[in-house]
Amino acid sequence: MGGEATVVVDAAPGYDETHRTTLEEVAWGASRPGRVWRVQPLCETPPMAREFTKVGVIGLGTMGAGIVEVFARNGIDVVAVEVTDEAVERGRGVLQHSTDRAVTRGKLTPEDQTALHARVQFTSDMADLKECQLVVEAVPEHLDLKKDIFAKLDAIVSDDAILATNTSSLPVTEIAVATINPKRVVGMHFFNPAPVLQFVEVIKTVITSDEIFEDVKALAERLGKKPVIVGDKAGFIANALLFGYLNHAVAMFESKYATREDIDAAMKLGCGYPMGPLALMDLIGLDTAYEILDTMYKQGRDRLHAPSPIIKQMVSAGLKGRKSGRGFYTYAAPGSSAVVDDALTPTAAAGSTAGTRPVRTVGVVGSGTMATGMVEVFAKAGLDVTFVARSEAKVEAVRAALAKSLEKAVQRGKATEEERDAALGHVRGTTRLEDLAQVDLVVEAVVEDLSVKRALFENLDEICRPDAILATTTSSLPVVECAAATKRPQDVVGMHFFNPAQVMKLVEVVHTVSTADDVVATVQALCATVGKHAVTCGDRAGFIVNALLFPYLNDAVKMLEANYSTADDIDTAMKTGCGLPMGPFELLDVVGLDVSLAIERELYLEFRERGYAPAPLLEHLVTAGYLGRKTGRGFRTYA
Ligand SMILES: NC(=O)c1ccc[n+]([C@@H]2O[C@H](COP(=O)([O-])OP(=O)(O)OC[C@H]3O[C@@H](n4cnc5c(N)ncnc54)[C@H](O)[C@@H]3O)[C@@H](O)[C@H]2O)c1
C-alpha cells in the first residue's frame, strides 16, 4: 500500500526538480533559474498598520542568524545580539557565508550584499536594542533563559515595542507573563532555514493584544512569509506533527531497524521529502530537538513524544548535528552542510561479503499495476522476464499495457525504438506457473490477501528450482508468512516496489528472521542493476516508509478533530514550513481514506501504540463512504 501512497506523491502538484535542490539553493531562488533577488526598497512596501524600520534579534545560532538575514533582505535595519564577542563573530560569519553564496550564484548583486550588511549592527550588548520597534528572541529552548531575557527587555525597549519569541514549543503565555506588559508578547515561529522557508506561525496567547498581533502578521507578510495563526500549544502545528515522525525515525535508527542512509533515502525517494528525517534532525540541532520533544511530552504525555534515549546521549557527547560538525552524520566542519564519510558510512566492500547469486532470468506473478510496472523495469534492464497471469486475456492486457508504456517512453524521447523493441523481446507471458521452473528469481504482485499469497508461495516452492529466490512485493502483509508456506524460508524476501514502479526509484528490501544474507545481497544488487535504490529493513508492519508516514497523517487528522487548526492551515504548514510536496489532507485524499485506515489499523495491531490508533474522524469518513478523490469527497470535496 506504500505503492498507493507514492503514486500520489509522485504525481503531487508542484513536485518537481525543486525537491532535488538543497534547501539552501531554494533560498536564493535556484529553483527558478535566472531570478535575481533584490533588496526591497522601503517605499515599495504595501501600506501596513505599523512601520517597522528597526528590529532586534537575540541569539544568532541556527535560527537567529537566518532571521537577521530575512529582515535585512527586506530593507529593515537589524540589531543582532549575541552573548559574547566570539558568538557575535560566529553570527556575522553565518550571514557573510549565506550572502556570499547568493552572490556566487548570481542571486544577489555585490552592491545589494553590501547594502544588506550595512543594515545589520552586531553587538553583545542588549542595551543596543533600545530603539528597536520589535525584538525577536532566538536563544536556546530553555524557559528560564527566555523569561529572563524578556524581563530584561522590558527595561531596555520603549513601551510600545513588540516582543516576539521564536520558541518552537515552550508556552508563549509563560514567557509573556515574565514581562510587565504581557499584551505586547507574541510567538513568531520561523522555520529552518529561515531565509528559505516561507512559513511562519504567529502565536497568539490569551493576553496578546489584537493590534500587536495584526502588526506582526502584517510584518510577516511583508517579509514574503505565509503566516498562519495558531494557539499556544506545544509544537504549534508543524512541530507537533513533525517531531513525532522525527522521533520515530530516530527510534528506528537506534533499534538498528535500518541504517541512517536507508531511513533517509526511504523518505526522500518514497515520499518526495526534501530531506530524510535524520539529516533534518542534524539541521535542526539535536539539543533543540530534544528540548522540543521534552516540552511536547510534558504537555501532552504522549509516549511517542518522549525523546528517544539516543538523542540525549548524543547531545551530552556534544554531537548536536550540523552546528557541531557531527550528529547522525559527520560534516566537513561545524556549521557545514557537507557530509563526509565516517565509521557508519556503508562501503562497497561491506555489501559484498555475503556473496550474491546470479540473476539473469526473472519471473513476475500477477497482472495488475505493480506487476506490469515490474515487468517493464526488469525488461528494460535487459533481463529475460516471464510473467504469469490468470487468463490469456490478462496476459494480452499486460502485453498491451507494456507496449503502450514503452511507446510513450519513445514518444517522450526517454527510450529509442531499438530499446523499446529490445525490452519487448525480453518479455514472455504465460498462464502456467510451471513456466517459472528455471528462473533465477520470482517476484509476486498478486492480490493483497495472505491466503492467496501463501498458496502461491507453496506452489512456487514446488515449481521453482532450488536456489531460486522467491520475493513478494506486499506492502502490508508479513513476509515471513509467505516464507513459512515454503520449505525454503531462507530464500524468501520482500521486494517492496513503489507505484508507479517504472518511475519510483525506491525498493524496500525486507528480510525476515529466516532470510539468508546472500539472498538479501542478491536482491540489493538486482535493484542496482535495474536502476532502483534499495533500502533494507526488517519484516515489520509498514516497513520504513509507511511506518513513518501514516502515524504522522493520523496525527494530522487528530489535530483537525481537536479543532486546533483547519485542514487548509495544516496542509500549508507542512508544505511551506517543512517543504513537503503535499499536505497531509491532500495526501490522504489521494491515497484513499479506506487504504489509509487499513494501513493505520495494521500499524496499530502490530505495535499496540495508543498513539497509532486510527483517529475516529478517519473511521467516520470511511464509514460514510467519503474515501477521498476517488469518491469525489474525503477531507475536501472535489468537482
Ligand atoms: N533549530 C531549529 O530548527 C528551530 C526552528 C524554529 C525555531 N527554533 C527555536 O529557535 C530558538 C533558537 O534555536 P536555535 O536552534 O537557533 O539554537 P542555537 O543553539 O543554534 O542558537 C542559540 C544562540 O543563542 C545564543 N544565546 C544564548 N543565550 C543568549 C543570550 N542571553 N543573549 C544572546 N544570545 C544568547 C547562543 O550563543 C546561540 O548562538 C529556540 O527557541 C528553538 O526552539 C529552532
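Mentor: With how elements are named. Helices and strands are DSSP runs, numbered from the N terminus; a helix has at least four residues, a strand at least two. Keep in mind that this is a predicted model.

Trainee: Then where is the place of Arg301?

Mentor: Arg301 sits in the loop between α12 (286-300) and α13 (309-316). Look at its backbone there. Phi of Arg301 is near 55 degrees, a positive value in a residue other than glycine.

Trainee: Is Arg301 buried or exposed?

Mentor: Buried means under 20% relative accessible area, and exposed means over 50%. Arg301 has 54%, so Arg301 is exposed. Asp467 also has a positive phi, near 85 degrees, and is not glycine either. Find Asp467 in the loop between α18 (450-463) and β15 (469-472).

Trainee: Next, peptide bonds. Which residue does a cis bond join to Pro193?

Mentor: Asn192. The omega of that bond is near 0 degrees. Pro193 belongs to the loop between β6 (185-190) and β7 (199-203). Now look further along the chain. Asn499 and Pro500 are joined by a cis peptide bond, with omega about 0 degrees. Pro500 is in the loop between β16 (492-497) and β17 (506-511).

Trainee: On to strands. How many bridges pair β1 with β4?

Mentor: Two strands pair if DSSP finds at least two bridges between them. Strand β1 (residues 54-58) and β4 have four, in the parallel sense.

Trainee: What does β4 have with β5?

Mentor: Four bridges again join β4 to β5 (residues 162-165), and these strands run parallel. Here Leu134 stands opposite Ile162 in β5.

Trainee: Which residues lie on each face of β4?

Mentor: Strand β4 covers residues 134-137. Leu134 and Val136 are on one side, Val135 and Glu137 on the other. All four are buried, so both faces are covered.

Trainee: Glu137 carries a charge. Which side chain meets Glu137 in a salt bridge?

Mentor: A salt bridge here is a side-chain nitrogen of Lys or Arg within 4 Å of a carboxyl oxygen of Asp or Glu. The side chain of Lys146 meets Glu137 at 2.5 Å, N to O. Both residues are buried. A search of the whole structure finds 35 salt bridges.

Trainee: How many residues apart are Glu396 and Arg399 in helix α16?

Mentor: Three, which means about one helical turn separates them. Their side chains form a salt bridge of 3.4 Å, N to O. Glu396 is partly exposed, at 43% relative accessibility. Arg399 is partly exposed too, at 30%.

Trainee: Where are the two partners Arg465 and Asp440?

Mentor: First, the contact. Arg465 and Asp440 meet in a salt bridge of 2.5 Å, N to O. The pair links distant parts of the chain, 25 residues apart: Arg465 in the loop between α18 and β15, Asp440 in the loop between β13 (427-430) and β14 (441-444). Arg465 counts as partly exposed, at 24%. Asp440 is buried, at 12%.

Trainee: Last feature. Which residues gather in a patch of positive charge?

Mentor: Patch residues have over 30% relative accessible area and no salt bridge. On this surface, Lys404, Lys408, Arg412 and Lys414 gather in such a patch. Lys404 lies in helix α16 (residues 392-411). Lys404 is exposed because its relative accessible area is 60%.

How values were computed. Residues are numbered from 1 along each chain as its sequence is written. This is a predicted model: local features need pLDDT of at least 70, side-chain atom pairs count only at pLDDT 80 or more; totals for chains, interfaces and linings use all residues. Side-chain values use heavy atoms; hydrogens and water are left out. Patches are made of residues with over 30% relative accessible area and no salt bridge: like charges are joined within 9 Å, nonpolar side chains (Val, Leu, Ile, Met, Phe, Trp, Tyr) within 5 Å. Accessible areas come from the Shrake-Rupley method with a 1.4 Å probe; for residues, only the protein chains shown count as cover. Lys and Arg count as positive and Asp and Glu as negative; His and the chain ends are not counted. The place of a charge is taken as NZ of Lys, CZ of Arg, CG of Asp or CD of Glu. Buried means under 20% relative accessible area, exposed over 50%, partly exposed in between (1.4 Å probe, protein chains only).
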